[in-house]
Amino acid sequence: MVLFQRYSSRFFHLVAIITATLAFCIIPPLEVVSGGAISVTLAIASIPFLGLLIADKQWQWIKLPVWRWFLALMMLGFLSCLWALHPDRAIHVSHLVFNTVVPGIVFVVGLWYLTQKQSSWIVFAIVGGFLCGLAFLTEEYVSNGFVSRWWRFVVNRKEQDVFSLDLLNKSVQFMTPYSFAVAALCLRWCKPSFLVGAWIGIALVISQLHSLAGQLGFILGSVAMLLYYRTNGRIVNVFIALVMITPVIIPLLLMMIDDPFIHQYGPHLPLSSLHRLYIWQRYMLHLKHALPWGLGIGNTEHLDNLQNMPQALLDAHIEIPLRHPHNMWFQLYLELGFLGVILFAGFVICLLLGIHRLNHHLVFRSLCMASLVNYLFIGMVDYDMWRDRWITAAFMCIGVIGVGRNLNALSNQRKSTPFIPANTP
């Protein structure tokens, strides 16, 4: 029995490393043409990691605070189907979230359990996949979406003769937090001057693409990285305070957005920003009906019809489907109420403290903080919180950070890791 367990563990380790290598190679370029396919790819890659965790009997990670907060949030989302405004919609979204979250957790935890030698085998796949994704993003911009249009026509069976640069927005928003995680991974081999050059190159590529959220997120992530580094990590208390204050401030700020406010300041804003103001104003009308328990997971879609749309949006022929509030805190208020906001805030604080307490170099932790801040900012101005490609992006970043931590830890023991127990062999 012991012999069988030993060989089964080795088998699953080998298969897990192979599938992780393929996933990290495929997902970044695949995200450019088909964001929905990356969650399926991650789910397939997680299967051998599940076998690995079962073979090695590694389940202690469930007891860690970060996973307790996260699983409590997911459980609340599933239970909200009982009081949801539209139960069928809540059940559908819960099913999609479950199919994305469970493989993602297994994939991340499995990566963090890998040894230094095993992690070194997939480094080139991570870096190569990221560079391919960046090159692919540039190619789509230059060729006016040649591959994307081909993919939609051949694979999705959809006519797509007109390509808009807005279709690349989500890919930019995926690549910006992912770039900081990959940079943290490369610290073992790259000099700081090379990473600065790479940062400038990525910034130039992003600046040419029409993604204001991605650009601002990249800038804020860079600022967070520099502040964390210059203060030797002491600013983490400020980050935690911001996480606690932000859920309180956001509803107060959104209450200021009314029709006179939009008509006064809207003409001076980019259309994408005006778009957000209008959406937030429409959804704010439903907040008092949602609290304290929320409307149910996924129930912010099509809550309101389009009334009093700003003239600038009408002139630009911009469609505004009210599918989600484009702000994760606001969406939590509307769908899961006060308790959902508290659970998510606790989860984010655990992430901040977990990264801060990593047994690692200051530069590594600074880059990890940049990735997290970048991701959180984009979640505050774009994306449906339960979107499968957005959840997958988070797991990809955390997985890369785990591989980088395995490679560059300051000692052979795993101390104070946010996702697996300390002193795990």
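## What a salt bridge is

A salt bridge is a pairing in which a side-chain nitrogen of Lys or Arg lies within 4 Å of a carboxyl oxygen of Asp or Glu.

The model is predicted, so local features need pLDDT of at least 70, side-chain atom pairs count only at pLDDT 80 or more, and totals for chains, interfaces and linings use all residues. Residues are numbered from 1 along each chain as its sequence is written, and side-chain values use heavy atoms, with hydrogens and water left out.

## The chain as a whole

Let's start with the overall picture. The chain has 18 helices and zero strands; both are DSSP runs numbered from the N terminus, with at least four residues (H or I) for a helix and at least two (E) for a strand. Of its 425 residues, 55% are buried, where buried means under 20% relative accessible area, exposed means over 50%, and partly exposed lies in between (1.4 Å probe, protein chains only).

The chain exposes about 19600 Å², and carbon and sulfur atoms supply 68% of that area (Shrake-Rupley method with a 1.4 Å probe; for residues, only the protein chains shown count as cover). Now look at contacts, meaning heavy atoms within 4.5 Å. Among those between residues at least 6 apart in sequence, 77% join residues at least 24 apart.

How many salt bridges does the structure hold? There are three. One of them pairs Glu-31 with Arg-389, whose closest N and O atoms are 2.5 Å apart. Glu-31 sits in helix H1 (residues 2–33) and Arg-389 in helix H18 (residues 388–408), so this pair ties together parts that are 358 residues apart in sequence. Both Glu-31 and Arg-389 are buried.

## A network around Asp-382

Which residues are linked in a network of salt bridges? They are Lys-170, Arg-276 and Asp-382. The side chains of Asp-382 and Lys-170 meet at 2.8 Å, N to O. This pair links distant parts of the chain, 212 residues apart: Asp-382 is in the loop between helix H17 (362–381) and H18, while Lys-170 is in helix H8 (residues 169–185).

Arg-276 also forms a salt bridge with Asp-382, and here the closest N and O atoms are 3.3 Å apart.
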